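Here is a short briefing on a two-chain model. Read it with the coordinates open.

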Amino acid sequence: MSTTAPQAETSAVAPSRGMRFTGWAANYVDERTSASTAVKALGRKIFPDHWSFMLGEVALYSFIVILLSGTFLTFFFDPSMTEVEYEGSYVPLQGIPMSVAYHSALDISFEIRGGLLMRQVHHWAALLFVASIGLHMLRVFFTGAFRKPREFNWIVGFLLFVMAMALGFTGYSLPDDLLSGNGLRIIDGMIKAVPVAGAWISYLLFGDEFPGTDIIPRLYVLHIMLLPAITIALIGIHMVLLIVNKHTQFAAPGRTNDNVVGSPVLPGFAAKAGGFFFIVFGVIVLIASFFTINPIWNYGPYDPSPVSAGTQPDWYIGFADGALRLIPPHLDWVDPLGYTWPFGVLIPLVGLLVFLAAVALYPFFEAWVTGDKREHHIAERPRNAPVRTAIGAAGVTFYAALWAAASSDLIATHFRLSIEGVIHALQFATVAGPFIAYFITKRVCLALQRKDREIALHGFESGRIVRLPGGEYIEVHEQLDDFERWRLVSFDEYQPIMIRPNAQGRITVAQRARAGLSRWFFEDRIAPVTKGELESQAHH
Amino acid sequence: MSDAHDGPGGETAGTAVAQLDDHQAQAPAVAVVRADRIENPGFPPERLRVTDLDPKKEKQAERTISLLFFLSIIGSVLAVAAYILFPIEEGDFGTIRINNMLLGVGITLGLLGIGIGAVHWSKALMHGHEEVEERHLTRGSDASRERAVEIFSEANKESGFTRRSLMRNTMIGALIATPIPAIALFRDLAPAEDPVALLKHTMWEAGVRLTRDPSGTPIKASDVTIGSAFHVIPEGLAELESHRLEEKAKAAVLLMRLPVDELNEREDRASWSYDGIVAYSKICTHVGCPVALYEQQTHHLLCPCHQSQFDVANHCEVIFGPAARPLPQLPIAVDDEGYLIAQSDFTEPVGPSFWERAL
């Protein structure tokens, strides 16, 4: 068989007569795709290991679960707002007028085997998706993994976070039940507050006055096509940049800024990550089998008049809802031309946008303040960047206060407090909390650094008490070995920028601002232990 | 990926750090690099796993993993069995729960079996020690950067992109202009009327009876006892063929009766109530939720969405929460038959504030 066939195929085939099917298939594919190049480049690529690197994986895998369960749901869901009378098997709603969308969501839950399971898988996976993105972002922030060269990937990840919220909100609205309809009503109210064009934007979005009969089909197109397409594209970019930049790793003996230490994709990492996908999927299905989420049949179809107490959005919209609740009353302002500025809605709206913009742009701000143009591949321990960690803690506190405010009424009823008291406390927490959190976190970081220094220099308390000949008792300290010590001493150290005149001999305002910020970042700092210190300590 | 760095400029990331330190005089970078910093001690001795040391344990792990994969197969079969054996019976909620649970447990077993098995395989049996790969600077090699610049300048020369500026600028202008029709196309997302006019009017007008929500039966003034509250829609709304929800979203009203001596009424609105019976828009002036909770002892209305509170005794003034304005009052009267009717439409737009609201 090896004599007559021309060129490539013969040469690949000739050496082994007992060629197996896999070999033949691999050759067949490679000759048409150059797949071996990709395998060569990626097959033994090294991925470092740390439990916190799993958070992004959870986000990716729950998104795949969302795609799979969502596709199933599209086969049965009908996003029409045409009014029909309910004729399904759920007795309490029989004969009640409702939209086709709500009817078909009920049918998925009650008439289709596994339909309720898939709805719950989809909803639980969505909640997990946003949660894991949030935690993943916190991990990246607090370890400084957004630093050069990963600033772009931070932005891509941030956009994915926004997409996740948008996907969540559009999906939450689709069943057209009472709860989600009230959510849309709130969105409508916020849009109407937009200066100049608010009433028009709302009118165009809803296709009529609120609620109209277009919004559900329009959100459906966004939810199942446009937003997922953008999200998939962004995930693609996120992954490509991850491969180009390679993953960060935590400081450990042998690991440097110039290497990656971990397990290769094939087989170890692929098996572990692939297995982890099934675990995430399995856990989501397990939760969906036992725990109800969004029981739309309890809420009834949307009607602008009724609403139940204790209503809450899905958790990731909570911070926006909380911001709306915390603003003080009487903030409408009619300008001299007669136009209305609803500051009671605009201030929370703009505040949230500023907060999100600050999150997105932080890497560039820190890079400018530190003036650090090096590449960073070692994930920092949060304590070793006290000011950044403190800023992060302030941001988390701000978000948490707004988030808690979305449950202000439930907090008041559960703990038997007055709603006014809860709101005033949360208003205080929103404004003062970030400063308090900043101060405490920074001090804790510096204290932990001091403790690290102490341990690196003097060793750790062994718990062994020794009585000296003179009668004095001491506790014996045991020195760390070099490997343990390395984790405590291997961090970057900075000093504040000096103000220097530029080429024209002038000191610019920007230069002054930068020097001030740099002092803020690095004035209080703990230097890592040096060799000299360690040696002189050893002689004691 | 290493192909991208095979040029002469393929330095490691660490080299760049050293280079930058040389430039520190000019650069404002302020990383401190100490001469006597402690050096990386290199890799610690490898710790072997039990499966590396004990062939029995290795065999045991292999059996455990196979068992997990086998359980996964059983789970998938069970899921199909549950699908067939536990169908949903119409009207029986219990069967939905059973179907949901057993199907879910089967699928869970199918998934977790594979997942835990694969992770265990990876951690216990696959080649255990860590491997090292070199990092390179992310930037392209000097050679490829030079070549990229060269390509751009060749392209520029061949096309005359910078030289023929008229052509270039008109092209940019054309590119900016092309999406404009796409934006214009979206105008018909909504019918051509002016939303502002719509927002300023509701179904209420002089003589329209106040009726119960949702039944649409009219309300006699004598039915409204002190302390009671009615959810109200205008007469005819329940029978609307189209725009029922849109009209309801503007016209929903709360009707309450307070003891006359507890009602503080402004002079210009004294005729808007009837014997202590007052009617207010149910649509919150904050962002439009229905203000559905009435506390009859204090005469306060509470919006369940964002907890704005309105004092019914004082023309629904905002006493707490994010709302900016009082709820609009519907002027009411009683007709010959004793039924409550509206005197007119609301005298201001209901619901959330918008730009043209006060015009």
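An open sheet of 3 strands runs in the order β1(A)-β5(A)-β2(B), with antiparallel pairing. Its edge strands, each pairing on one side only, are β1 (46-47) of chain A and β2 (131-134) of chain B. This is a predicted model: local features need pLDDT of at least 70, side-chain atom pairs count only at pLDDT 80 or more, and totals for chains, interfaces and linings use all residues. Residues are numbered from 1 along each chain as its sequence is written, while chains are lettered from A and ligands numbered from 1 in the order in which they are written.

Terms for strands and helices:

- Helices (H or I, at least four residues) and strands (E, at least two) are DSSP runs, numbered from the N terminus.
- Two strands pair if DSSP finds at least two bridges between them.

- Strand β5 (residues 259-264) of chain A pairs with β2(B) in the antiparallel sense over 4 bridges.
- Within β2(B), B:Glu133 is the bridge partner of A:Val260.
- Helix α11(A) lies across β1 and β5 of chain A, at about 75 degrees to β5(A). Axes are lines fitted to C-alpha atoms, for helices over the stretch in contact, and angles run from 0 to 180 degrees between N-to-C directions.

**The contact between A and B**

- Chain A gives 112 residues to the contact and chain B gives 99 residues. Two residues are in contact if their C-beta atoms, placed from the backbone, lie within 7 Å.
- Helix α11 (residues 265-290) of chain A supplies the largest share of the side of chain A that touches chain B, with 16 residues.
- That side of chain A has 57 nonpolar, 33 polar and 22 charged residues. Ala, Val, Leu, Ile, Met, Phe, Trp, Tyr, Cys and Pro count as nonpolar, Asp, Glu, Lys and Arg as charged, and the others, Gly among them, as polar.
- Strand β11 (residues 493-494) of chain A also pairs with strand β1 (residues 31-32) of chain B, antiparallel over 2 bridges.
- There, A:Glu493 stands opposite B:Val32.

**Cores**

- The largest nonpolar core has 157 residues, and A:Phe129, A:Ile284, B:Val253 and B:Leu255 have the most contacts inside it. Such a core is a set of buried Ala, Val, Leu, Ile, Met, Phe, Trp, Tyr and Cys residues joined through C-beta atoms within 7 Å.
- A residue is buried if 20 or more other C-beta atoms lie within 10 Å of its own, exposed if 12 or fewer, and partly exposed in between; C-beta atoms are placed from the backbone.
- Helix α6 (residues 115-142) of chain A gives this core its largest share, 15 residues.
- Beyond its neighbours within four places in sequence, B:Val253 touches residues including B:Leu210, B:Val232 and B:Leu330.
- A second, separate core of 10 residues includes A:Val369, A:Ala385, A:Val387 and A:Ala393.

**Chain A**

- Chain A has 20 helices and 11 strands.
- Its C-alpha atoms fill a box of roughly 90 × 90 × 65 Å along the principal axes.
- Of its 540 residues, 41% count as buried.
- Helix α2 (residues 21-33) of chain A is hardly covered: of its 13 residues, the count buried is 0.
- Just after α2(A), A:Ser34 takes a positive phi of about 60 degrees.
- Strand β9 (residues 460-467) of chain A pairs with β10(A), antiparallel over 5 bridges. One of the facing pairs is A:Phe460 and A:Glu478.
- These two strands, β9(A) and β10(A), form a hairpin with 5 residues between them, and A:Gly471 in the turn has a positive phi of about 100 degrees.
- Strand β10 (residues 473-478) of chain A lies largely in the open, because 0 of its 6 residues are buried.

**Chain B**

- An open sheet of 4 strands has the order β7-β8-β9-β10 (chain B), with antiparallel pairing.
- Its edge strands are β7 (293-295) and β10 (317-320) of chain B.
- The twist averages 30 degrees from one strand to the next.
- Strands β8 (residues 300-302) and β9 (residues 309-311) of chain B run antiparallel, joined by 3 bridges. B:His300 stands opposite B:Asp311.
- B:Pro290 sits in the loop between β6 (277-281) and β7 of chain B.
- B:Pro290 counts as buried because it has 24 C-beta neighbours inside 10 Å.
- Contacts of B:Pro290 reach both chains, among them A:Pro304, A:Val307, B:Ala252 and B:Ile283.
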